[in-house]
Amino acid sequence: MNAVEIEEAVSLLAEQPFEAAAFPYAFLEAFGNKATTIKRLKSGSTNKSDLGGVLQRANIHIKVCDEGEVASTLDALRDSPATAQQKARFILATDGKEFQAEDMEGGETVVCEYPDFANHFGFFLELAGISTVRAIKENSFDIKATGRLNKLYVELLKDNPEWGTEARRPEMNHFMARLIFCFFAEDTDIFNGEDLFTATIEQMSERDSSNTHEIISELFRAMNTKLEDRPAGKFRPWAEVFPLVNGGLFSGSLEVPKFSKIARSYLLHVGKLNWTKINPDIFGSMIQAVADDEERGALGMHYTSVPNILKVLNPLFLDELRTKLDEAGDNKRKLLNLRNRIARIRVFDPACGSGNFLVIAYKEMRAIEAEINQRRGEVDRQTSIPLTNFRGIEIRDFAAEIARLALIIAEYQCDVIYRGQKEALAEFLPLEKANWITCGNALRLDWLSVCPPTGTGVKYRADDLFETPLDQAEISFRNEGGETYICGNPPYKGTKKQTPDEKRDLGVAVSDTIKDWKVLDYVCGWFVKAALYANVTTCKYAFVSTNSICQGNQVPVLWSVLERLNCYIFFAHTSFKWKNLAANNAGVTVIIVGISKDKIKSKRRLFETIEGKHIERGVDNINAYLTASPDVIVRKANCRSKPLGEMKLGNQPYDGGFLILSSDVLQGLSLNSSQQHKFTRKFMGSSEFIKGSERYCLWLDNESLDEAIEIKSIRERVDKVRSWRLASSRKGTVAMAKRPHQFCEMNIGTHSTIIVPIRSSEFREYLPVGLLGKNSTVNNLAYALYDSDLFNLSIIASRLHLIWIATVCGRLETRFSYSNKMGWNTFPVPKLTKGNKSDLTRCAEDILLAREAHFPATIADLYNPDKMPENLRQAHERNDEVLERIYIGRRFKNDTERLEKLFELYTKMTGGEQ
Ligand SMILES: C[S@@+](CC[C@H](N)C(=O)[O-])C[C@H]1O[C@@H](n2cnc3c(N)ncnc32)[C@H](O)[C@@H]1O
């Protein structure tokens with residue numbers, strides 16, 4: 001169940017008459033527990049309560065009590081040994097009149113009248129596996145409103161299918177935006193009279209809903225008519241009382257979809273919510289899914305938490321404004337200068353969704369301005385921060401509509417907080433006629449037109465808010481001469497996940513600037529466009545992105561160009577989880593990169609999570625891999641310098657499958673043991689090595705070919721390889737038909753082979769490397785070092801090497817993806833003495849021996865992080881200890897230090913080339 005569905009179920013339960021015996025189960029059901037789980041609890045088999053209540057392990061201990069005993073029952077639940085033993089997260093007591101609950105982790109409580117408990121459903125969302133953020137717990141209005149509006153939206157589309165067509169969807173979305181505005185306005189005295197909008201519809205429309213659309217349309221007409229034009233408009237008295245709102249919101253078509261009885265009652269239901277509680281930043285993100293048929297299942301889930309947004313905005317510019325505020329103290333002139341500066345700041349989010357970054361930026365800037373006004377003794381002063389300085393581009397029209405509305409609501413709410421309700425109301429209507437959110441494709445639009453720098457690029461002025469074609473937001477800023485800050489979390493989309501259209505968008509945005517752009521993630525388009533924009537404006541920018549753009553093969557492609565465009569990373573957050581409300585959502589791993597076109601004088605800010613702790617460091621430089629190291633880009637190297645061995649990709653078959661043999665097929669060849677020994681080998685790739693599965697191959701050298709093809713079963717397979725290769729459209733494969741008994745390469749260790757699989761789970765703490773005997777050959781899903789010294793294995797098995805590979809080779813989805821040219825040939829190693837080599841050889845032997853002790857456990861078993869055998873772990877620890885001492889004379893403190901050292905050595909190693 002998603003949060004919206006849970007809210008609905010909980011509200012339904014709260015509306016029903018209280019039934020003491022059934023309540024605990026109904027409560028758990030409302031939070032998504034399955035019928036079988038409830039059945040087992042009812043039967044007592046999983047109910048662990050020691051108080052005659054219902055205790056679900058790791059979740060909740062509920063007890064229904066006699067009237068007036070709620071507080072003492074909650075005490076009993078808190079003290080109950082079963083609550084502690086079963087690790088109940090929540091305790092809950094109710095008598096049907098009063099409701100009390102406590103979160104055993106944070107100690108927070110809910111105390112309310114029974115029917116009100118539904119308003120606190122956010123408090124219990126963890127019961128459904130949804131980890132909530134504080135804002136939702138404290139204010140579940142946004143989820144509730146999203147759920148109600150969604151019902152209305154779906155019902156209206158049912159009654160008016162033509163409004164759901166591509167042509168009319170924008171109109172439908174615009175209608176919803178109008179409704180949301182009216183609901184907010186009627187609860188905040190913007191409309192004069194309590195619940196004026198909802199009450200008017202309830203009273204004036206027929207109960208059978210037949211004229212609901214006409215009534216609403218008439219109200220919209222009034223909101224679009226100036227007072228002086230009202231007499232000519234011949235309004236009915238009930239419409240006459242509505243103010244002029246407009247600003248484009250109510251101009252244009254006044255057509256309203258028709259309402260069924262159900263839709264009408266949904267509308268009244270939504271209207272009765274208390275819309276003063278709306279959080280424009282949260283609500284906007286949640287409501288977006290309403291208009292998206294595919295996304296609707298995740299309704300209310302897409303919510304970007306305010307602390308995450310502040311991770312972008314604070315270091316980008318807000319922290320600096322706050323520092324200036326501190327420095328200004330009570331100096332009126334300095335405060336005035338700061339206020340003037342703030343008034344000219346433009347914030348631009350070119351993938352703004354429902355505008356949450358813009359809303360938060362606006363609110364934070366208003367808070368700083370309010371403090372200035374307070375210190376200057378001008379608390380009543382009208383704000384100097386124009387909404388039109390908050391620009392956005394958004395491709396989906398509903399989100400763009402909501403973004404504008406969210407900003408309008410945020411402005412009103414700030415006015416109420418900082419200046420008072422009366423002042424807020426006095427200046428709120430009519431809405432300003434300016435279009436500052438552009439609906440369009442950010443990778444195809446000219447950012448200089450959408451967000452023009454001072455005095456240039458303004459082509460024409462839009463004359464209203466909602467009626468101007470949405471791609472024409474080309475208006476100048478109210479206050480000239482300021483800085484621009486670009487921010488947001490644009491769509492990430494790796495190269496393989498991009499649709500053809502998105503690929504073309506990316507091409508349009510970056511192909512003039514970057515040659516090999518096709519390997520790049522979609523989000524790179526925003527970085528490049530921002531870099532180009534910053535080169536002709538006064539601007540800094542910061543985006544949230546997947547960490548793939550700072551790892552592996554994207555780094556040389558993207559960052560060498562960004563460096564040429566004078567991009568200096570002045571702050572960065574290294575990888576962290578960007579969560580939303582989706583149940584069991586592990587969240588995507590993201591980074592935040594803040595870029596300035598000028599080298600900043602102060603230290604750069606590097607935010608990292610080290611061993612679970614969030615740490616900020618001031619560092620001299622942040623490079624493209626987001627480490628505090630010199631600017632260096634790791635590029636593929638074709639060979640490996642000594643003393644490490646040469647690593648080659650395994651043998652590529654190009655054989656149609658006829659040289660490769662499963663165990664059964666091998667049996668079917670009917671070879672005697674000497675023939676088997678002579679003509680076949682174990683065929684090892686990633687899967688065979690890691691999971692221990694067995695495959696074989698024909699391995700025929702030229703000398704023994706004649707003898708081999710005497711054997712019919714071998715000859716037939718060789719013939720089939722020949723035919724398959726001849727039928728290929730690839731020239732190289734056809735050429736290989738001349739030696740059909742062989743692989744493309746015929747590399748094999750005379751004594752031994754070190755195997756390194758290409759792909760490996762990111763959960764393993766070490767890369768899976770192994771040693772094969774001479775009866776095995778490696779296929780092209782792994783790399784091999786043939787007859788190399790064993791200390792190579794020690795290096796590949798080290799933490800140091802894993803960190804390097806994870807950083808410079810990048811990943812396939814989330815798995816490590818090894819590359820010899822990118823990861824092995826570039827790996828910096830200090831000079832190794834004879835003694836070092838023999839120490840490392842011993843460590844490698846110890847690792848292999850430790851594995852042997854668990855025969856026949858596979859590599860997958862042995863390196864399962866939860867089950868790794870202690871002796872193996874210790875062998876790796878010793879290996880790391882010995883290797884790291886060679887690097888710096890002691891163990892590294894953490895991976896950050898490892899990486900910094902490796903980059904330092906790499907810079908030295910490649911010195912002149914970088
Ligand atoms: C990850 S969301 C972020 C939105 C918002 N900041 C939030 O946190 O909810 C990315 C947004 O970019 C929009 N988008 C995707 N491709 C776009 C494009 N080419 N141009 C403009 N916006 C785009 C999506 O519709 C979506 O609203």
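## Basis of the description

Helices are DSSP runs of H or I with at least four residues, and strands are runs of E with at least two; both are numbered from the N terminus. The model described here is predicted.

An open sheet is formed by 9 strands in the order 8-7-6-9-10-12-11-13-14, with mixed pairing. Its edges are strand 8 (437–439) and strand 14 (613–619), each of which pairs on one side only. From one strand to the next, the twist averages 15 degrees.

Within this sheet, strand 11 (residues 568–578) and strand 12 (residues 588–596) run antiparallel and are joined by 8 bridges. For F571, the bridge partner in strand 12 is G594. Helix 22 (residues 524–534) lies across strand 9 (484–488), strand 10 (539–546) and strand 12, and runs at about 175 degrees to strand 10.

## Helix 1

Helix 1 (residues 3–15) consists of 13 residues and reaches 18 Å from its first C-alpha to its last, close to the 18 Å expected at 1.5 Å a residue. Its buried residues are A3, V4, I6, E7, V10, S11, L13 and A14. These buried residues pack against helix 2 (23–30) and helix 7 (141–159).

## Salt bridges

The count of salt bridges comes to 51. One of them joins R78 to D75, with the closest N and O atoms 2.9 Å apart. Both residues belong to helix 4 (residues 70–79), where they are 3 residues apart, about one turn of the helix. An α-helix has 3.6 residues a turn, so residues three or four places apart point the same way. R78 counts as partly exposed because its relative accessibility is 31%, and D75 counts as partly exposed at 37%.

E255 forms a salt bridge with R168, the closest N and O atoms being 3.1 Å apart. E255 is in the loop between helix 12 (237–240) and helix 13 (261–271), and R168 is in the loop between helix 7 and helix 8 (169–187), 87 residues apart. E255 is partly exposed, with a relative accessible area of 43%, whereas R168 is buried at 17%.

R444 and D505 also meet in a salt bridge through their side chains (2.7 Å, N to O). R444 is in the loop between strand 8 and helix 20 (447–450), while D505 is in helix 21 (residues 500–510), 61 residues apart. R444 counts as partly exposed at 44% relative accessibility; D505 is buried, with a relative accessible area of 6%. Elsewhere, salt bridges that share partners join R799, E877, E884, R891, D895 and R898 into one network.

Notes: Residues are numbered from 1 along each chain as its sequence is written. This is a predicted model: local features need pLDDT of at least 70, side-chain atom pairs count only at pLDDT 80 or more; totals for chains, interfaces and linings use all residues. Side-chain values use heavy atoms; hydrogens and water are left out. Two strands pair if DSSP finds at least two bridges between them. Axes are lines fitted to C-alpha atoms, for helices over the stretch in contact, and angles run from 0 to 180 degrees between N-to-C directions. Contact means heavy atoms within 4.5 Å. The expected span of a helix is 1.5 Å times one less than its number of residues. Buried means under 20% relative accessible area, exposed over 50%, partly exposed in between (1.4 Å probe, protein chains only). A salt bridge is a side-chain nitrogen of Lys or Arg within 4 Å of a carboxyl oxygen of Asp or Glu.
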